Amino acid sequence: MSFKIDRGLFKYDFIDHHAVLCVPVDADVKEIRKRYLQIARRLHPDSSFTESDEQKQLGNEFLSKLVNPAYEKLVGDRTRTEYILILSQIGKRLLQESTSVTLNTDLGKQLAQAPNLDPFYRSAIAKLAQTQYDSLEQVLQVIAQVSELNLVYLMRSASKSSASPPPAQPKVQSGISQPNTQKNPPPEPPKEDSVVEQYVRRAQSLIDKNQFAQAKVELQDALKLEPKNSHCHSLIAMVYLKQNQLKMAKIHFDNALKLDPNDERALQWKPKIDKALGQQSSDHKVTSSPNNGDKQPDKSGSGGLFGGLFGGKKK
């Protein structure tokens with residue numbers, strides 16, 4: 001069985017995985033996982049909601065063809081990052097084509113006019129989620145309705161981020177000459193972050209939360225787009241340093257300094273890493289020499305190179 005939805009974001013040849021799970025487009029992984037488990041329990045063949053064989057089969061179809069793929073797409077670090085980026089671009093494109101966008105639901109039309117965008121959007125999504133999979137025959141209509149809400153929210157968010165106040169126009173009264181004053185130039189529109197800057201911003205946020213593996217993925221993607229970005233090299237070097245991968249940290253600090261000899265982070269940490277790697281090499285030679293059998297590796301638990309570099313014991 002194939003499922004066809006022709007409203008909301010689906011209308012633009014895009015699979016709206018957020019609508020399938022009925023979560024906001026900026027939902028985090030924890031919220032997505034919680035919602036997935038609720039739906040999976042609801043659609044499981046042993047659930048009390050699926051009494052007839054037809055219901056069990058339809059529930060299994062929804063689970064395998066819509067719900068599971070949506071969950072896998074939205075919980076993977078790399079796939080979610082790419083997906084969110086595409087969502088952002090779709091919102092901007094639809095904003096430019098807003099005259100051709102047609103809304104079919106009352107909720108979508110209300111959201112388009114709601115003064116408080118975020119509270120209205122989240123409240124509507126949460127309300128629809130309560131009964132989304134109660135009637136399996138109505139599931140596709142509910143998904144389409146949620147997707148229309150997502151479409152409106154993305155368009156309005158894109159409009160809000162790109163809007164700039166119009167320059168003030170002087171008032172001219174008929175028959176009265178105005179003083180010859182110099183007009184101030186209109187303010188420049190806010191500069192939109194590049195794709196690489198968005199990767200870097202997300203990486204910095206993940207680093208602040210000590211989520212170094214995910215931060216590294218963001219920075220690796222950024223370097224694929226701009227391999228000569230000194231800031232990206234310096235930042236990913238810090239991630240490797242936090243993970244105690246000193247050789248990789250040294251490589252990226254070296255690259256950062258080649259591209260920008262004044263990079264403060266690289267200037268601060270590279271000498272310490274060079275010293276630590278030199279000490280590591282020296283300790284290896286001492287402990288592996290057959291003529292120094294009385295020399296034993298340091299088992300003091302001082303935190304190793306990572307602990308030494310950051311001035312404390314390894315936690």
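## V67 and its neighbours

Let's start inside the protein: leaving aside residues up to four places away in sequence, V67 touches V20, L21, Y36, I39, L43, F62 and Y133, where a contact means heavy atoms within 4.5 Å. The model is predicted, so local features need pLDDT of at least 70 and side-chain atom pairs count only at pLDDT 80 or more, while totals for chains, interfaces and linings use all residues. Residues are numbered from 1 along each chain as its sequence is written, and side-chain values use heavy atoms, with hydrogens and water left out.

V67, Y133 and I143 have the most contacts inside the largest nonpolar core, which has 50 residues. Such a core is a set of buried Ala, Val, Leu, Ile, Met, Phe, Trp, Tyr and Cys residues joined through side-chain atoms within 4.5 Å; buried means under 20% relative accessible area and exposed over 50%, with partly exposed in between (1.4 Å probe, protein chains only). Two or more residues come from each of helix 1 (17-21), helix 2 (29-43), helix 3 (53-75), helix 4 (77-96), helix 5 (106-113), helix 6 (117-131) and helix 7 (139-162). Helix 7 is the biggest contributor, giving 11 residues.

Another core, of 30 residues, lies apart from this one, and its members include Y199, V200, L206 and C232.

## The fold as a whole

The protein has 13 helices and 0 strands, taken as DSSP runs numbered from the N terminus (helices: H or I, at least four residues; strands: E, at least two). Of its 315 residues, 38% are buried. Among contacts between residues at least 6 apart in sequence, 66% join residues at least 24 apart.

The protein exposes about 19500 Å², of which carbon and sulfur atoms supply 51%; the areas come from the Shrake-Rupley method with a 1.4 Å probe, and for residues only the protein chains shown count as cover.

## Helix 11, face by face

Helix 11 (residues 246-259) has 14 residues and should span 20 Å at 1.5 Å a residue, which agrees with the 20 Å between its end C-alpha atoms. The expected span is 1.5 Å times one less than the number of residues. Its buried residues are L246, A249, H252, F253, A256 and L257. Seen down the helix axis, they fall within an arc of 140°, so they line one face of helix 11; the arc is that of the directions from the axis to the C-beta atoms. On the other side of helix 11, K247 and K258 are exposed.

## A look at A40

A40 belongs to helix 2 and counts as buried because its relative accessibility is 17%. A40 and S64 are 24 residues apart in sequence, and their C-alpha atoms are 9.9 Å apart in space.
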